[in-house]
Amino acid sequence: MKEARMKRELLDLVKVILEFSERLRGAKEAVKNGRLIFAAEELRVLKKGLRIGDEEEKEPIVYGLLRKEWIDCFEEIQEKLVRLMEHGVRFEPALNRVHVQYQLSVEGIHGVELRTVLEAMEVVGILDYGLARVADQIIKFVIVPVVKYGSPVSVGEEVKTGLRGTSEANLNVQPSPEAEIGNVDGDTIYSGIIQIVKFIHKCICFQNGSWVRCFGKLTWPRISELIISHFLSKVVPEDALKLTDFQKIIECTSEFESALSEMMFISASDCGEKKLTNFAENVEVHFASRKKTEILAKVRSLLLQCDFTIPQDHMSKVPVLKNGEKAANSSELVDLLFLSERCVVSKAASQLMQLVHQTLKDVCLSSPRVALELYRAARDAILLYEAVIPVKLERQLDDINQVAVLMHNDCLYLSQEILGLAFEYRADFPSSIKEHVVFVDMAPSFHLMAKEILQRQIQRVIYNLNEAIDGADGFQNTHQMKQFQSAKFSIDQVVFILEKVRIIWEQLLLPSTYKYGMCAVLETVFSRIAREILLLDDMAADETLQLQRLIHLMLDNLSFLIESLNVAKERGDSVEECLGPLDGLIPSLHKIHKLAELLDMPLKSITSAWESGELRSAGFTASEVEDFIKAIFTDSSLRKECLWRIENISL
């Protein structure tokens, strides 16, 4: 009984296999004979029976062979249907037309209806694959010219009928001779595309809803992108006040998509497919986004093109202002809001802030959505300076030049302007964005950048001055001609460097900033030279006179520079009297003067000057005075007495 049951089961299996094999053979014959719908239906049934795509590990090997036969048959009918579709819908670019043939013949198959081809493709499940090439060429040869030209286009339909009914149809697309690319007209574009879709709906898809829907899915994403990029995005208003005029285009776009929905080309229920209406209704966002892009592009171009230099021949002709400052030209002269002073800035900074102010004025007149985007554009424009300029000018910032000074002034000016922006415009901003508007957070970074640039300049100058002083070899043996000349050359180098720095800084920096920076540099020079001389442990009489001569030479050559600091003080009284008296900012200035006097002063006079406190007030310490006396005067009872008196006074 067991064996009989197994034999019956095997017999049933063989019957099924034979049936599948015969039906596959019949399907292949049907494909060759042009009975495409029958073949397609057989393949659909056999696909389920053979579990195509749902194979199991433990099953008869013959199933695998049958599946291979099914795949071969499927590929054959698919290729046949695609070729028939290509013969049925042909594109003739030379004639600017789409030709649809309804009676088809290919490879010995005659009299196949185009409708039959579409039905077979739908049955076998390759409708989207079969229509893909047609859809692609519709876009390329028909839709693209209509959308790009945007001017009157002649879209005509020509249908020929024969004994068996309609035999062919043609869609003619003839651009007008007067058409110009870029002359966009929404009504013309929309009406042209609707006529094209009507032709597809009637002559290619035979008013079959599922076929039209499939065609729409294949083409609508690209059609909508073309319309947005070549029409809608170009007619977004450039002026916020003209946004209301865009309402007509919104209505026209909505009607266009509704007409496509009625023909089932796009889904009426799927809001995601109404891309054009969504784009048009969000015109404020697109306007703001475009405006923001334009602003940032303009700022970036401005920053990259500005060279941050002032011609030297122009600097000598710079007009002197009320407060004694000089400016490169009127467009670069700006007021500092919170310092009651004016300074010279680069054209980049000046024009950047003009653009920011204009943007914020537009914010005050815009709707909340546009205002928020423009506010962000204003912030980003300011931040672009911080991102672009330090990288662009990186090399110049490591040297002493006008570029670094102008950038310092820019950062100082921008930090001041940023602090005032919210106070100036906040009251007129749309109420919905007032709580989001913040500028003050950007000011500290620009203020810090200005300080860092100034400190880099000061440190670079100090480094160069120290290198020059190093050439004096500690001012030793200046009574020898060679050593004196070497020391004098170092002093000349120091004077030259300081004069170069004065020319650059005095013309561009604020008086208070110029005085601060120059005093810091001079303090370094005078303290270094005084320290070098006071470290000498043995000085001949001639040597002291030569050292005195070098000090007087330096002070005489720097007298003009020191005088410029006094002038800066007079010009800058409003800023804490421009940082106070020079003696407080350059303590070593008094000390170097006094050191020159000490070099030819008698021992008793030096001792008396210490006892009176004169030397202490000049910055000398007891050990410095004692070492100085030991270096100049030979050992004697008088020297011992003077040293004892100095030591006791110190105690």
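Contact here means heavy atoms within 4.5 Å. The structure is a predicted model in which local features need pLDDT of at least 70 and side-chain atom pairs count only at pLDDT 80 or more, while totals for chains, interfaces and linings use all residues. Residues are numbered from 1 along each chain as its sequence is written, and side-chain values use heavy atoms, with hydrogens and water left out.

**S564**
- S564 touches R502, E506 and Y514 when residues up to four places away in sequence are not counted, and it sits in helix 19, residues 559-571 (helices are DSSP runs of H or I, at least four residues, numbered from the N terminus).
- S564 counts as buried because its relative accessible area is 5%, where buried means under 20%, exposed over 50% and partly exposed in between, with a 1.4 Å probe and protein chains only.
- Although S564 and Y514 are 50 residues apart along the chain, their C-alpha atoms are separated by 9.7 Å.

**L454**
- L454, which belongs to helix 15 (residues 443-470), is buried because its relative accessibility is 9%.
- Apart from neighbours within four places in sequence, L454 is in contact with H408, L509, T513 and Y516.

**V438**
- V438 lies in the loop between helix 14 (402-425) and helix 15, and at 36% relative accessibility V438 counts as partly exposed.

Conventions. Helix = DSSP H or I, 4+ residues; strand = E, 2+ residues; numbered from the N terminus.
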